[in-house]
Amino acid sequence: MSKWLKTLHAPSFRGIPFSVIEDPEAEIGRRMANHEYAGRDEPYSEDTGRKQKVYKLTFAVYGDDFIKKAHALIDAIDTAGPGLLVHPHHGELQVTAEGRVSYQGRQATFQATFYEAGHNNQPGQTADTAQLITDKSLAAEVAAIKSFETAYDVTGPSFVADQAVADVTESLQSVVAAGQNINTSIAAVINKPGELANQILSSVRSVSSLNKSIANTFQGFKSLSEANASSSDTSVSSTPMQQKMSNNKAATQLLVKQLAATQLAKSVPNMNFQHQAEAEQIGLDAADLIEQASWESDDQAFIALTDLRIAVQQDVQEKTPSLAVLEAVNLPQTMPALVAAYRYTGNASNEAQIINRNNITHPGFVSGRVEVLNV
């Protein structure tokens, strides 16, 4: 065998092997701005930096299971973010990809172009989404409290106010269960809707101090919001006082739900996302809870909560592109975690990340399906 054949790399993309049919070209060199001047014979070629390297390959998968192999490669090419290309001549490269595929007999043939991924180091203008969320949360709190003041009414027999105290305590049950005794303070302001609403806001905010991490705080507000799903029963035969108590309970549940949503929104900018999928899921969860609260609200609160939801989605969208991409990789053979880290992330220092994320007990012998974070 010729010595040069021994230098070739076994080609693959995102860990999925293929057979190269043709390696037609790679774009290399410098980016030039060529200037020609009127009345002057000598031009000037201005060097503006190295070109993005582009690799074109024609490759195929064969055999009885060629369709399964082809679909795996299609999924790999469709996956967002850069991935590892093992090029037969150029070795391991972090690239993005596009291409086309055709089927004939027991063969799927791909013609693909791979672009050097690089890094986005260019400065740009970005909105202060954290401050925007703070501003929109405050506006939503004000609108929710005004709505509550309009809907809430405990005038009449004392049992109406007593029931209101019980309903507020029940709505804040997760706060009470954590050790906060609010019955006395709630009873003192039960006839003052504005002060009562602010007392409820203070109790909802206390969820932050009851949790040691931002992630737990987020889940605390989420649970509080979900626990206050509307459950009032207003039958046709209700007496006026029963109707009033039912309305008060519904108003209290909605207020807690709205305020939990605003506080949950304020926790999102402080979350330390590990990868894009996590950020996207948190963004979806937050947007869903805020939207649920908005649909039950009056016009002003609906608008304020909708603005808040958009601000949260904008914050997550601003952060997501700079986060690592979580990929599930099927290792073609048993290998050390160090080798897997270099092969699938381009950086051997990510070995510990792979070991910890996949609970690997023997780092020298890693096999099967593993999750890796590609920055």
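**Exercise 1.** What order do the 7 strands of the open sheet have, and is the pairing parallel or antiparallel?

*Solution.* The structure is a predicted model, in which local features need pLDDT of at least 70 and side-chain atom pairs count only at pLDDT 80 or more, while totals for chains, interfaces and linings use all residues. Residues are numbered from 1 along each chain as its sequence is written, and side-chain values use heavy atoms, with hydrogens and water left out.

Step 1: strands are DSSP runs (E, at least two residues), helices are runs of H or I with at least four residues, and both are numbered from the N terminus; two strands pair if DSSP finds at least two bridges between them.

Step 2: the order of the open sheet is 2-1-7-8-9-6-3, and its pairing is antiparallel. Strand 2 (16–17) and strand 3 (19–27) each have a single partner strand and stand at the edges, so one side of each is left without a neighbour in the sheet.

Step 3: as one example of a pair, strand 1 (residues 12–13) and strand 7 (residues 83–87) run antiparallel and are joined by 2 bridges, with Leu 85 in strand 7 as the bridge partner of Phe 13.

**Exercise 2.** Describe the lining of the second largest pocket.

*Solution.* Step 1: on a 1 Å grid over the protein atoms alone, a pocket is an open set of points with protein on both sides within 12 Å along at least five of seven lines, and lining residues have an atom within 4 Å of a point.

Step 1: the second largest pocket holds about 350 Å³ of space, and among its 15 lining residues Arg 14, Ile 16, Ala 76, Thr 79 and Ala 328 are the closest to its centre.

Step 2: strand 10 gives the most to this lining, with 6 residues.

Conventions
1 Å grid on protein atoms, 1.4 Å probe; cavity = no way out; pocket = protein on both sides within 12 Å on 5 of 7 lines; lining within 4 Å. Points joined across faces, edges and corners; volume = space filled by probe spheres on them.
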